[in-house]
Amino acid sequence: MRVLHRLRSWNRVRVAIKRVMSEDAPTAAEKLLRRFPAECEGISERALTLSARGRPWYGLLLAVSLARCGAPQALDLLRHLVSLEFLGWHHLGEEALRSLQAYLLERGEASLFHAVRQRLDGHQLGWVLPDVDADGFVAAIARGCRQRLPAGVVWYIAQFVEEVGLGRRPPGQGLDNAAAAAEILWQRGQEEESVLLLALLALTQPVLFEEPKRLRPVADALPGWIPSSRSLRIEGLPDGVALDSLSLPIAPVPPRVVRAADLLAEFPRFDWIESLRSAWLAVEDLVRRDAREEEAEHDPQRLMAAQSIAAALGACAALDREMRVLVRDENKNKRRHEDLRREVDQRNKVVVDYQKLVAEFHAGKEIQASIRKLREQIGTSDAEIARKREDLRRDLTPAALLLHAVSDEQAYPLEVRQGAAWGLYRILEGGALEGAARDRVHQTLRSVLHGEEFDESAVRDRIAAALPPNDERIRELLIAAERYGDDRDAEALAAAIAQVAPGLPALAEAVREVVDATRRPRERDEFGERIVRLLPGARLLELVGSLRRGLRWMVELIEGRAGGDPSLEGNLRWIVALTGKELAGVTEFIKQHPLRLMTLNRHRRILGQYCCEKVHLSFWTRYTPPRWFRGADPAQLGEVHRRYLQLEDRSTPNSMGVYYRLFEHPLLVLPVLYHEFLHYGGPRGEPDQGIENETEVLLRETLFGRYLVAKLSPTRDEELPAYEAALAATIDRADLVGFIQRLFFDFEDDVCLSAINEEIIRSYGEVLSPDAAKAEVARQTQHWNRTVELENLVDEAKLSWCPDREWPLLGTEQTRALTDRFQAVVSRLLVQDHRLDPEQRDHVLTDPVCRHHRDCWAAYTARPGAAVLLAKRSAQDRAAVSSLRAILHRYNLEPRPAEILRLFGSLLSRTTESAGELDPRSLSGPSS
């Protein structure tokens, strides 16, 4: 029997090792050892034999199988293998290496694991980063990667830092090693990867950046990373032909520009100011537009770069205690202004002469040489004007540069102006601006953030009263007044009036009084919407930084709560970590469809405007100031260069926006993100499987919300009442009316499903057949064309201000691309059926993802005391909603549900409390 037992043992070991060698994997030996632990000795002996016969790779695979099973024989085998020189070490995969790492460190064999690390290349070292001492890590990286660090190494290091930053693993030695890796990458010219690691480290362990030396090279290099928009000359082209005349595209802004600027903003220093100033002047050339351009710059990375650099410039300039004014040398600045004005006036006179010669040429005169000479003169003058403008900007402090960007809504896209506004806010809060300069910054921020304008008619009347009738100087003075209305620069206003009307020194004070006294809010509040973007290839941890910046903007600038709101940032890492776990591929989703943080008022207004018809056309005008106002003399206004239409498309995921205070708790914001994610790519995040049906999305979102309630609940049953009370209070603060009621919808009830279908159809409309949809698209196109025609016929500004320039109709050559987009969106929405029949509902409920969510909720409600308080709140809310709707209907009141529901909840609490504890199942059904 003993011989037979040995024979069977030998055969088992032989077969397992044969499979290990054929499969090139340790799996077969591992399965054998887990079933027959006594075979460890035999496996170890055969591994040593294979190593002695020149086949150490298979010995290493067997060592992995022994380690995975916790066999002590693996220690001696590994000691033998690390003494051998063979390439097999570099073939070890991540899973095998981590098995060896865990096995050795659990047994206190750090020195042996260090010997194993000596056999690894730089790529493999990234897998075991946390447990490598800094010197050993640097040496191994240098040894394994003689020139460039492989992308895989950087990926694993970044992955480790992200996991630490999101609280998924302890840091160990790894963060210091990641910082060392960033330095190695920088030294080897891999700046993009280096800055990525620095950005992740800054979010994970900010203390690493207390010393400025880590970011000084980044600050110095930043201006040079921004592609130039300047005209370039290349060999072989005729003199005077510039590269930009060939319509060659400008190189894209690399992601490291955005990350570097965000780093410098997060860790500001006086030392960075000049680099950021140069970077701002460079990126400004890429995003600034003139009055003739139709639309804003649509390159997201340019917008992100300009926004981040502007914010960083303001953060660092706030540390400059010498920056007390907006212009360093006022006298020099005035001289340069006058010099520039003379050059522009001279250039315009030449243009007038040029136009006369062109007219004479068309009349038949042969004067080509004279025309060519004047054209060259205009070109020379344009170059000189550009140079003088550059000289003028050099005298401006960072505060003045940012102030200029904030004030000019025609020249700078909204996102760029928001970055400049944040930079100005930092200067205003922590800088040393004094007197008129500080007042001007404060007034300008107030004006743009709260959408203020002034009464142009009253200003014109005041100017006209001081001048002879139809005086040509009125136009120039209106331009100066409009500029003062934007940037509140009293000195510039006085200088402009002194230049145009030197005999009227008191007029400046009079214009200021009228502008300041007639300020009033505008209807637009676009500054209350903040886009949160992610760079291509961004890590999930970077979403924490982007959200943090967006939330601080909303709280401090829009709400005016200096110092921020810690309750909005306290759960941010937790929320992002959960989002990454529950929404597969969320970073790609947000890159394609950026989040839009909004105030609650703006969010409700957009929902009301775009809920059913998710596209809208708006009318835009590009002009040279001053703009039209009622009572204006057309001869005193600037020129209209273009009137055009712009498509406001809110049909894409995330475009409706999210109320920013939902980021206080994951239960508030994750269902909202999940809703949009389902539209984007279904529950698995696959873009070709996005769900358009709103009823199905509501069903899935509600099941997901229930799942979150269960997932986030405490493990101890006695803590559930306090948990649900805290959830209810959080939901109340966010004004999420109806959220708790939806937790108790009975989706398996056909009556409930029918009621939900009807509510959805009331909001989104019935599905149309393809032919009916085609006819409706044509009808809507015609409707908008009639609207455009009506605006061209009755708009007061258009009729009195360059009336020959009209808004174009849909379907014309000028609007072909816009018309195609408009009709495609409308058509897609019209043919979408938002109803869900019982069979479709059953299919959704049995989907594996939904089934998992339902099972979690069922397990939660089965716990003692679970869902009792939430069910009680659902009953209160439903009764309150019914009563509220009746009262609103009876008295024609304007509904404000969240505030009034709280009142009704308190009035009805006695009734619901007297009924005792409620069974959640008795509350199933849709909201009334």
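Is Lys798 buried or exposed? At 3% relative accessibility, Lys798 counts as buried, where buried means under 20% relative accessible area, exposed over 50%, and partly exposed in between (1.4 Å probe, protein chains only). The views below come from a predicted model, in which local features need pLDDT of at least 70 and side-chain atom pairs count only at pLDDT 80 or more, while totals for chains, interfaces and linings use all residues. Residues are numbered from 1 along each chain as its sequence is written, and side-chain values use heavy atoms, with hydrogens and water left out.

**View 1. Salt bridge between Lys798 and Glu806.** The two side chains meet at 3.2 Å, N to O, a salt bridge being a side-chain nitrogen of Lys or Arg within 4 Å of a carboxyl oxygen of Asp or Glu. Whereas Lys798 is buried, Glu806 is partly exposed, with a relative accessible area of 46%.

**View 2. Salt bridge between Arg12 and Glu39.** The side chains of Arg12 and Glu39 meet at 2.8 Å, N to O. This pair links distant parts of the chain, with Arg12 in helix H1 (residues 2–23) and Glu39, 27 residues apart from it, in the loop between helix H2 (27–35) and helix H3 (40–52); helices (H or I, at least four residues) and strands (E, at least two) are DSSP runs, numbered from the N terminus. Arg12 counts as partly exposed at 24% relative accessibility, while Glu39, at 6%, counts as buried.

**View 3. Salt bridge between Glu692 and Arg828.** The side chains of Glu692 and Arg828 meet at 3.0 Å, N to O. Glu692 lies in the loop between helix H31 (666–681) and helix H32 (694–711) and Arg828 in helix H38 (residues 816–830), so the pair ties together parts that are 136 residues apart in sequence. Glu692 is partly exposed at 31% relative accessibility, and Arg828 is partly exposed with a relative accessible area of 31%.

**View 4. Antiparallel pairing of strands E5 and E6.** Strand E5 (residues 615–623) pairs with E6 over 9 bridges, given that two strands pair if DSSP finds at least two bridges between them. Gln646 in E6 is the bridge partner of Ser618. Strand E6 (residues 640–649) is mostly covered, with 7 of its 10 residues buried.
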